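Hi everyone, thanks for making time. I'd like to walk you through a structure today, so please have a look at it while I talk.

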Amino acid sequence: MNYTRDGNRDIAKMFNKLLFILLLCFNYNKFTAGASSDCMPRRTKYGLVCVCTAEHCDYLENPQPSSNEIALISSSKEGLRFAVSKLSFGEINTKTQTNTETSLKVDEEDFKNSAVIVDSRQTFAQLLLDTTDRLTSRSLKLRVNRSVEYQKIAGFGGAFTGTVSHLLGLLDQKLQDHIYKSYYHKDGVGFNMLRTPIGGCDFDLAPWAYNEEPRDDPKLSNFKKLDPRDEIKVEQMQRLKTVSDLKDLKIMAVAWSSPTWMKTNGRWTGIGLLKTEYYQAWADYHLKFIELMDAKNMPVWAISTGNEPLNGVVFFFFVHFMSLGWVPKNQAIWLNDFLGPTIRKSKYKNVLIFGNDDQRYSYPSWFVEMNRTRPGVLNYLDGLAVHWYWDDMFAPNLIDLTVRQLPGKMVLNTESCIGDKPWQTHGPELGSWERGEYFARDILHNLQHSYNGWIDWNLVLDEQGGPNYVNNNVDASVIVNATNRAEIYKQPLFYSMGHFSKFVPEGSVRIEARMLSLAVEAVAFKRPDQRIAVVLLNSEKRAVDVLLNDSVRGEIKINIPAQSWHTIVYN
Ligand SMILES: *[C@@H]1O[C@H](CO)[C@@H](O)[C@H](O)[C@H]1NC(C)=O
Ligand SMILES: *[C@@H]1O[C@H](CO)[C@@H](O)[C@H](O)[C@H]1NC(C)=O
Ligand SMILES: *[C@@H]1O[C@H](CO)[C@@H](O)[C@H](O)[C@H]1NC(C)=O
Ligand SMILES: *[C@@H]1O[C@H](CO)[C@@H](O)[C@H](O)[C@H]1NC(C)=O
């Protein structure tokens with residue numbers, strides 16, 4: 001372990017202490033780690049980040065536990081970041097008896113009682129938890145039943161906006177490569193999806209679309225090649241695929257707004273719908289982008305019917321960036337009579353089409369309304385795209401309900417970030433564990449329901465959470481130092497998503513994981529390599545014993561530290 005590269009010995013000492021504790025608890029044993037390197041930690045106002053420079057960045061080769069081994073990968077508020085411990089079935093029961101005397105006295109009934117007081121997910125719950133006796137360690141049962149299977153995982157990803165492309169362009173090639181690898185290589189967090197705007201979005205230096213000129217030109221006579229900004233993006237994506245050794249990058253291309261001449265209000269923002277005479281032109285616009293990307297050897301995997309359609313109808317008051325308004329009735333006509341047939345009759349008929357691409361509160365009514373206008377229109381949809389922003393107020397059951405009404409559609413979260421609300425810091429809280437915890441909890445809750453994957457918002461932002469052409473700054477998992485252009489900071493947010501994306505690859509199937517707890521939660525998967533991956537979150541401010549009972553392997557006990565996230569991988 002070498003944490004002294006940045007001369008921060010206190011943190012190095014703290015890490016060593018933590019590792020020592022882990023050693024005691026877990027029969028610590030590091031896996032062979034050819035491609036692994038450690039986090040270079042730095043304390044920040046809100047917590048701790050891992051710093052990457054051109055010379056150093058942290059990676060973890062995926063643990064491949066053998067038959068009786070268990071790999072425990074841990075991150076904690078105290079400072080663990082993807083720390084690997086090796087346990088094994090059988091052995092553990094005798095080796096982790098440290099505080100069983102008290103812990104085993106806390107039975108499930110006690111736990112349920114205290115859980116009722118605490119309304120799980122909000123931060124005020126933490127305050128309540130704080131008042132309970134911190135010295136009494138809890139012991140919680142987690143039952144994993146492999147024979148109960150749920151949805152299949154399609155993958156995880158982030159957004160490649162104009163801002164992301166711009167920030168990457170500021171950096172030395174080596175540091176850029178660390179960003180690509182950290183996200184998309186299997187030694188990073190193993191993303192396989194990427195969402196990119198067709199034209200501009202708010203995270204860009206200015207609003208733009210293809211064929212802004214000439215106006216009133218349904219033939220799109222000026223849309224013959226990619227915009228220079230997209231040519232740069234495509235080069236960056238090629239590099240991303242190369243350094244990440246990624247064959248199948250699933251690109252979802254989404255438009256925020258049409259050129260202004262296609263809109264009823266003639267502006268980028270405000271109440272503006274697509275003029276009906278341009279319905280075919282707007283479908284052709286999507287096909288044109290798919291063709292031009294394919295010509296650059298960067299095939300588009302999916303499109304959506306457009307980003308946040310309600311912004312251009314009802315939320316124009318709050319939203320000052322590019323948008324195109326749709327109501328379900330109009331969108332049903334456009335999809336059924338124009339976009340759907342245009343794509344399905346083309347060479348690119350296999351490109352997936354996702355619907356809605358807006359908040360959970362519009363589910364399922366959006367689709368019910370579309371179906372009422374054009375029965376059969378929903379057959380054009382392969383997937384449902386959901387944004388996370390109001391998840392606290394609208395339960396994931398709305399998505400389950402929609403999936404029951406529209407079976408067989410892939411459900412992806414297609415946008416998520418923190419810092420958009422009036423009561424939040426509009427920009428990074430560099431190093432904040434709490435933001436990571438909030439994020440991890442929402443991903444976990446959604447995966448416990450019907451979601452097949454998750455695409456985050458901007459892969460990187462600068463220290464202010466921008467640039468954004470209307471100053472709609474927010475947080476991101478990785479922050480670029482745009483001042484010295486020599487450092488990037490991996491926030492807890494990065495590892496919180498990584499605890500899922502890295503260890504739950506495409507093709508994994510969710511299996512049953514039951515836990516009677518609100519502040520400690522779990523979700524489990526059977527991976528294509530037949531190993532089980534259990535993601536476990538401890539939001540309590542104290543350590544917890546988890547008794548994991550797998551339907552095939554039997555029981556192990558794991559002591560997890562206060563405020564920590566884990567992925568447990570075993571055969
Ligand atoms: C769509 O409409 C048909 C009747 O035209 C109805 O049978 C079906 O349940 C509707 N589907 C949804 C999701 O509303
Ligand atoms: C970015 O780099 C500058 C110059 O080295 C430094 O002063 C600043 O603190 C760094 N920003 C962050 C967020 O660490
Ligand atoms: C697992 O689920 C199956 C199917 O519901 C059930 O038959 C079996 O008893 C369960 N196994 C355990 C160990 O709970
Ligand atoms: C694990 O759960 C099963 C099914 O509930 C139970 O029969 C078994 O006794 C449990 N194993 C242990 C070691 O508690």
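I'll start with the ground rules, go on to the ligands, then the helices, and end with some backbone details.

So, ground rules. This is a predicted model, where local features need pLDDT of at least 70 and side-chain atom pairs count only at pLDDT 80 or more, while totals for chains, interfaces and linings use all residues. Residues are numbered from 1 along each chain as its sequence is written, chains are lettered from A and ligands numbered from 1 in the order in which they are written, and side-chain values use heavy atoms, with hydrogens and water left out.

Okay, ligands. Which residues surround ligand 2? They are Leu430, Asn481, Asn484 and Tyr489. Being around a ligand here means having a heavy atom within 4 Å of it. Let's go through the polar contacts, which are pairs of N or O atoms within 3.5 Å; within protein, one atom must be able to donate a hydrogen and the other to accept it, and residues adjacent in sequence count only if both atoms are side-chain atoms. Asn481 has a polar side-chain atom 2.3 Å from an oxygen atom of ligand 2. For Asn484, a side-chain N or O atom is 3.1 Å from an oxygen atom of the ligand. Tyr489 also brings a polar side-chain atom, and that one lies 3.1 Å from an oxygen atom of ligand 2. On its own, ligand 2 exposes 360 Å², and the protein buries 47% of that. Those areas come from the Shrake-Rupley method with a 1.4 Å probe, and for residues only the protein chains shown count as cover. The shell of ligand 2 splits into two nonpolar, two polar and no charged residues. In this scheme Ala, Val, Leu, Ile, Met, Phe, Trp, Tyr, Cys and Pro are nonpolar, Asp, Glu, Lys and Arg are charged, and the others, Gly among them, are polar.

Now ligand 3. The side chain of Asn145 has an N or O atom 2.3 Å from an oxygen atom of ligand 3. The protein covers 30% of the 360 Å² of accessible area that ligand 3 has on its own.

From the side chain of Asn549, an N or O atom is 2.3 Å from an oxygen atom of ligand 4. Glu555 places a polar side-chain atom 3.3 Å from an oxygen atom of ligand 4. Of the 360 Å² of accessible area that ligand 4 has on its own, the protein covers 31%.

On to the helices. Two packed helices are described by the angle between their axes and the distance between the axes. Helices (H or I, at least four residues) and strands (E, at least two) are DSSP runs, numbered from the N terminus.

Take helix 6, residues 162-170, and helix 8, residues 228-244: their axes come within 10 Å and cross at roughly 70°. The axes are lines fitted to C-alpha atoms, for helices over the stretch in contact, with angles from 0 to 180 degrees between N-to-C directions. Helix 6 and helix 8 are therefore roughly perpendicular to each other. As for the labels, under 35 degrees is roughly parallel, over 145 roughly antiparallel, 65 to 115 roughly perpendicular, and the rest oblique.

Next, the axes of helix 9 and helix 10 come within 9 Å and cross at roughly 45°. That makes helix 9 oblique to helix 10. Helix 10 (residues 328-344) also meets helix 11 (residues 365-373), with axes that come within 8 Å and cross at roughly 60°. So helix 10 is oblique to helix 11 as well.

Last, the backbone. Where is Pro364? Look in the loop between strand 10 (352-359) and helix 11. A cis peptide bond joins Tyr363 to Pro364, with omega about -10°. Gly466 and Pro467 are joined by a cis peptide bond too, with omega about -5°.
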